[in-house]
Amino acid sequence: MTRFLARRVLTTLVSLVLASVVVFGAVLAVPGDPAAVILGMNAAPEALAAVREQLGLDVPAPQRYLRWLGGVLRGDLGESIQYQRPVARLIGDRLGVSLPLTLAAALLATLVAVPVGIATALKRGTVWDPLLVLASQVGAAIPSFWLGLLLILVFAVGLGWLPSGGFPGWDVSVGRSLRALVLPVLALGLGQAAVMTRMTRAAMLDVLSQDFVRTARAKGLARRAVVGKHALRNALVTLVTVLGLTLVNVFVGAIVVEQVFSLPGIGRLALTAIGNRDYPLVQGVVLLYASAIVLMSFLVDLSYGWLDPRIRYA
Amino acid sequence: MRHRRRPLNLVLGGALVGLVVAAALLSFVWLPHDPQRMDFAAQLAGPSATHWFGTDHFGRDLFSRVLIGARSTLLVGAIAVGIALSLGTLLGAVAGWVGGWADEVVMRLIDVLYAFPAILMALLLAAVFQPGTVTAMVAIGLATVPLFARLMRASVVALRDRDYVEAGRALGAHDARLLSVHVLPGAASPLVVQASLSLAVAVLAEAALSFLGLGTPPDVPSWGNMLREAQGFMMLSPWAALAPGLAIVVTVLGWSLLGDGLRDALDPTTRR
C-alpha cells in the first residue's frame with residue numbers, strides 16, 4: 001500500500017506542477033505585449049508600465065513562474081486587473097454559488113443514476129431494458145444548457161413557479177437563494193444522471209457476468225444476497241470511478257449552466273475575465289479547475305486501493 | 001444458439017447521422033430562405049407553410065439557419081476529432097511501443113491533458129488568442145487526445161509481442177512498418193468506435209462553446225449561437241429555442257448510437 005500510495009502522490013504532484021506550467025505558459029503565448037492587449041492601442045505609457053509591473057513582465061519568465069507558483073502555494077493567485085482585488089478572494093466569493101450547485105447536481109445525478117442503472121442491469125432481457133437504455137441515451141444527448149432553457153420555458157415562463165435566473169445571495173435570503181438554484185441543479189444533474197446511468201448499468205452487467213456471481217447463484221443464494229452482497233460490492237470500484245467522472249463533468253458543466261441562469265459563480269467570473277483580458281483572473285480560475293480535477297482523480301485512485309485489496313497489494 | 005440481433009443502434013445511429021450530413025450538404029445547394037435575410041414583418045413567428053420552424057427575433061428563417069448550422073457543427077466536430085485521433089494515436093503508439101521512459105513521459109502528458117476538459121481548455125485558449133472556430137476545434141481536439149492515446153497504448157501493448165509481429169521483426173521490418181502494417185490494423189476498430197463516440201461529445205462541446213460565445217463567431221449561424229440569441233426572447237416565443245436544441249440532440253444521439261452499434265458489430269464480446 002505504501003508503494004502504491006507513494007507512486008500516486010508523486011504522479012499527482014507532477015500533474016499539478018505540469019498543469020501550473022500550462023496555465024502560466026499560456027499567457028506567455030499571448031501575441032505581442034499583454035499589457036497593450038489588455039489596455040488597447042491608445043493606452044498611456046504610464047498605465048502600460050503599471051500593468052506590466054502588475055503582471056511581472058519586467059522579470060524573466062522562469063523567475064516570474066517561480067514567483068507566481070510561490071504565491072499560488074500560499075493561496076495568493078495575484079490581483080485581478082479588472083476588479084483590482086485579489087483573485088483568490090474573487091473566487092472565494094463565488095464558491096458560495098458554484099459549490100452548492102455542483103454538489104447538489106452530483107448528488108441528484110447519483111441518486112437517480114445508481115438505482116436506475118442497477119435496476120436496468122437486473123432487468124436485462126425484459127421489455128423495460130431497451131426502453132430504459134434508449135431513454136438514458138436520449139437523456140445523455142440533451143445538452144445541459146438546452147435542458148436549462150426548456151426548464152425556464154416550462155417552470156419560469158409558463159408556470160411561473162421558479163425564477164428564470166439570477167441569484168439574490170445567501171445573506172439576502174436563504175429561501176430565495178435555494179429557489180434560484182432549483183432549476184440550475186435540475187439542468188446540470190439530470191443530464192449527468194443519464195450519462196451516469198449508462199456507466200452504472202455497464203459496470204453492473206460486467207460484474208453480473210462473472211464466475212463468482214454464477215457460483216453464488218448456483219449454490220442457491222437468494223437473489224437479494226447475490227446482488228447486494230456479491231455483485232454490488234464488486235461493482236463499487238467501478239462506481240467510484242463513475243462518481244469521480246460525474247463530479248468532474250458537473251464541475252465543468254456548471255460553467256455553462258451558470259451562464260444560462262445568470263448565476264454569479266466561478267464560471268461566469270472566468271467568462272467576463274476573458275472578455276476583459278484579465279489574465280491573472282483567467283489563470284487563477286483555470287488553475288483551480290485543473291487542480292481540482294487532478295485531485296479528484298487522485299482521490300478516486302486512493303479509494304480503489306481502499307475498496308479493492310488486490311490493487312493495494314499489487 | 002442465440003439469434004444474432006439486428007444492429008438497431010447501427011441502423012438508427014447511421015440514419016440520424018446521415019440526416020444531419022444530408023442537411024449540411026443540402027444547405028450548399030438549396031435553402032428555402034436566405035438565412036441572413038431579416039424580415040421585420042415576421043419576427044418571432046411560429047411554424048408556418050413559409051417558415052417551417054418559425055423565425056427568430058430578426059425575422060430570419062429558422063429552418064434555413066438550422067440547415068446551415070449543421071455545417072459548422074460537423075466541421076468543428078470532424079476537425080477536433082481528427083486532431084485527437086492523429087495526435088492521440090501517435091502518442092499512444094509511442095508510449096506502448098517504446099515503453100520505459102517514453103511511456104512514462106507520454107502518460108504524464110496525458111494526465112495533464114485530462115485535467116483540461118474542452119471547456120476549460122477553450123477558456124484558456126480564448127483568453128490567450130481569440131475566441132473562435134479554430135480555438136474551439138483545437139480545445140476540443142486537445143481535450144479528447146487522452147482517450148485515443150490510452151486506447152492506442154493499450155492495443156499496442158497487447159499486440160506488440162504477438163507472434164506475427166515477432167515474425168515481422170525477425171524478417172527485418174522497421175518499427176514504423178511493424179506499427180503501421182501489423183499493429184495499427186489490429187487497433188483500428190476500437191479507435192473507430194471511439195471516434196464516433198467522441199464526435200457526439202465534440203458536437204455537445206461545440207454547441208456549449210458557441211453558446212458561451214467561445215466558439216463559432218456570432219455572425220455565422222450555428223446551433224449554439226442560435227440558442228444563445230433565442231434565450232433573450234423566450235418570453236415572447238419559444239420556437240427559436242426549440243429547433244436548434246433538437247438538432248443538437250439528433251446529432252449527438254446519432255453519433256453515440258452509431259458508436260455503440262459499431263462496437264457491437266466489430267467486437268462480439270461486448271454484444272449484450
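Buried means under 20% relative accessible area, exposed means over 50%, and partly exposed lies in between (1.4 Å probe, protein chains only). By that rule F53(B) is partly exposed, with a relative accessible area of 30%.

This is a predicted model, in which local features need pLDDT of at least 70, side-chain atom pairs count only at pLDDT 80 or more, and totals for chains, interfaces and linings use all residues. Residues are numbered from 1 along each chain as its sequence is written, chains are lettered from A in the order in which they are written, and side-chain values use heavy atoms, with hydrogens and water left out.

**Aromatic pairs**

A pair of aromatic rings is described by the distance of the centres and the angle of the planes. Rings of Phe, Tyr and Trp (its six-membered ring) pair if their centres lie within 6.5 Å; planes under 30 degrees apart are stacked, over 60 edge-to-face, and the rest tilted. The count over all chains is 10 aromatic pairs. Two of them are set out here.

| Pair | Centre distance | Plane angle | Class |
|---|---|---|---|
| Y65(A) and W68(A) | 6.2 Å | 40° | tilted |
| F53(B) and F63(B) | 4.9 Å | 85° | edge-to-face |

Take F53(B) and F63(B). F53(B) sits in the loop between α1 (8-29) and α2 (62-98) of chain B, and F63(B) in helix α2 of chain B, so the pair ties together parts that are 10 residues apart in sequence. Helices here are DSSP runs (H or I, at least four residues), numbered from the N terminus. F63(B) is buried, at 13% relative accessible area.

Now chain A. Y65(A) and W68(A) are 3 residues apart in helix α4 (residues 61-73), about one helical turn. Y65(A) is buried, at 13% relative accessibility. W68(A) is buried too, at 13%. Ring pairs also link F24(A), Y65(A) and W68(A) into a cluster.

**Where the chains meet**

How many residues does each chain bring to the contact? Chain A brings 48 and chain B 41, where contact means heavy atoms within 4.5 Å. Together the two chains bury about 4,100 Å², 78% of it on carbon and sulfur atoms. Buried area is the accessible area (1.4 Å probe) that two parts lose on being put together, summed over both.

The interface has 2 salt bridges. Such a bridge puts a side-chain nitrogen of Lys or Arg within 4 Å of a carboxyl oxygen of Asp or Glu. E104(B) and R7(A) form a salt bridge at 3.5 Å, N to O. On the side of chain A that touches chain B, α1(A) gives the most, with 10 residues.

Definitions and conventions. Helix = DSSP H or I, 4+ residues; strand = E, 2+ residues; numbered from the N terminus.
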